[in-house]
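Colleague: I would like to learn how to read this model feature by feature. Please walk me through it.

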Amino acid sequence: SYPSHPWMAEWTFEPRACNTSVRENFSGHFFRTRTTVGQIEPSEEQPQWAMQLPAPQNGQVNLLANGFCIYFEQRKIKCGAEALCPEPGVLWGRFSDIPAPVIISEAPIETDDVFQWVETDTLSALLAVRDGRFCLVSKTHVKSDAIALAEAWLERDFEEHLQQELHLRAGAASLFEDMHHHDSLAVICAESMIKSLRPAEGRIPHLWSQSSTTRQPRFDINELFAVAVAWSLLDPGTAEELLLCALKIQTNAGALPVHYAPHATHSVLEAPKPMMAKTVEDVWEVRKNRDFLETALPMLRRHLQWMLHHFDPKRRQVYAWKNQSEPIVAGVYQSDLVTVDLAVLLLTEIEALNRLREHSGQPSTRQPLFEEERGNLQHSIETLFWNDAENAFSHAYLRDNMIDLHGFSELTPLLWKGLPQPQRTAILEKMRESEVLPGQHSVLSWRQSAPDDSTFPLLQQFLLLQALKLSLIHI
């Protein structure tokens, strides 16, 4: 049920639950793929050896975050190999009806009936092969220590460990079964998400997710919104823990740093996008975990209160992005520029928080939170930003002077459940007729864009997808 995909070069196998110190000190003891199917090398800059599993180029492949599976049929016999990386410097697995794996290197290789040993200036390697099982050890230069470690792993039950890994992927496997057009990218995305998980460490109190934009340890709150919703499809418990982790690192005032690292200082001068309450609501809807909701609500309220003050410090009910890093669209920032996208994100945060409160154990007779702010934001969206002449949300205000502002912000009102139907229809019709998304992105180019295409950032794609999903409900 886990779809196969082509073998990929440069894919790294990493043990689960490796913290930042392990990664900094032992990153060379992970393993990565070469171009040839079944060839694995250490993840150092200039590897001097590799392991070769003799497998055909057209086999069924699953590259996992911490291992791989290769299967193929030969004369109606199922053949292949499976491997896991249970700790840094160890690759452990089994093979069936194919030749045994071997070490390949220009350096001298010592061999006997069970062990192959190659010693280099950087990483040495021992490959133990016995009864259809193998263990590759690269974490020590001492041959006797490597033999002892390999023997210990060969005594363990590989099938039990493999089934545990497959069980942890049950949500992903179920999702792929339900998808009509799953493809290689979906599988690689799921495994990349698993690989990005980090255990609690330093100032970070729970499981967290490493940012995809840097190799430095970093928990990126703006990335988290899409990541948490994606995890809710694979494993809702992981999605909940990631969100609680983010909420618990806020300051006493409710400020949430955009970037957070386990052993570094952080800044709260920049606010994350106002999307936390909506994301918590999306994740809560999956399994309606009451404990998660009750834990999140007080922290959500404090964070939203800080957000409203951050974007309107003078309490004038006029909300504006406060620095050039905050807007959804890069390059549009001007001091005191009031735009529809921020108004929509804040309004929908307030409404999501109040919907969540209705599902909690809190008394239903309580008045909704931030009702005055909600009313003012709704009035602004309905009356100030709408341009009747263009049938679009293209008005903005710079120090009380109305200006035109075209681009991605024009579609953000689609995120508001209460958007009047004529305006929702107008936005959707314009996109449908022109086949161009606000911001001059072609609908076709969105579908065909490469994963590393920065012209249509992930956050914008996520917001667009959420807006279109909501609009399908309200059409």
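**Contacts, pockets and charge pairs**

Modeller: Start with one residue. Leaving aside its neighbours within four places in sequence, His-161 is in contact with Leu-84, Trp-92, Trp-153 and Arg-156. Contact means heavy atoms within 4.5 Å. Keep in mind that this is a predicted model: local features need pLDDT of at least 70, side-chain atom pairs count only at pLDDT 80 or more, and totals for chains, interfaces and linings use all residues. Residues are numbered from 1 along each chain as its sequence is written, and side-chain values use heavy atoms, with hydrogens and water left out.

Colleague: Where is His-161 placed? Is His-161 buried or partly exposed?

Modeller: His-161 sits in helix 3 (residues 158-168). Helices (H or I, at least four residues) and strands (E, at least two) are DSSP runs, numbered from the N terminus. Burial goes by relative accessible area: buried is under 20%, exposed is over 50%, and partly exposed is in between (1.4 Å probe, protein chains only). His-161 is partly exposed because its relative accessible area is 24%. Now look at Pro-86. His-161 and Pro-86 are 75 residues apart in sequence and 9.1 Å apart in space, C-alpha to C-alpha.

Colleague: Let me try another residue. Which residues does Ser-409 contact, leaving aside its neighbours within four places in sequence?

Modeller: Ser-409 is in contact with Val-340 and Asp-341. Ser-409 is in the loop between strand 20 (401-404) and helix 12 (421-434). Its relative accessible area is 6%, so Ser-409 is buried.

Colleague: Next, charge pairs. How many salt bridges are there?

Modeller: First the idea. Side chains of opposite charge can pair when their charged atoms come close. The rule for a salt bridge is a side-chain nitrogen of Lys or Arg within 4 Å of a carboxyl oxygen of Asp or Glu. By this rule the count is 20 salt bridges. Take Arg-169 and Glu-191, whose side chains meet in a salt bridge (2.8 Å, N to O). Arg-169 lies in the loop between helix 3 and helix 4 (170-178) and Glu-191 in helix 5 (residues 184-196), so the pair ties together parts that are 22 residues apart in sequence. Arg-169 and Glu-191 are both buried. A network of salt bridges links Arg-16, Glu-165, Arg-169 and Glu-191.

Colleague: Which parts does the salt bridge of Arg-399 and Asp-336 tie together?

Modeller: The side chains of Arg-399 and Asp-336 meet at 3.8 Å, N to O. Arg-399 lies in the loop between strand 19 (395-398) and strand 20, and Asp-336 in the loop between helix 9 (290-311) and strand 18 (337-338), so the pair ties together parts that are 63 residues apart in sequence. Asp-336 is partly exposed because its relative accessible area is 38%.

Colleague: And within a helix?

Modeller: Arg-374 forms a salt bridge with Glu-371, with the closest N and O atoms 3.1 Å apart. Both lie in helix 11, three residues apart, about one turn of the helix. Arg-374 is buried, at 18% relative accessible area. Glu-371 is partly exposed, at 36%.

Colleague: Which residues lie nearest the centre of the second largest pocket?

Modeller: Arg-316, Val-318, Tyr-319, Asp-336 and Val-338, out of 23 lining residues. The second largest pocket holds about 430 Å³ of space. Helix 11 (371-383) supplies at least two of its lining residues, as does helix 10 (340-358).

Terms used
On a 1 Å grid over the protein atoms alone, a cavity is a set of points where a 1.4 Å probe fits but cannot get out, and a pocket is an open set with protein on both sides within 12 Å along at least five of seven lines; lining residues have an atom within 4 Å of a point. Grid points are joined across faces, edges and corners, and a volume is the space filled by probe spheres set on the points.
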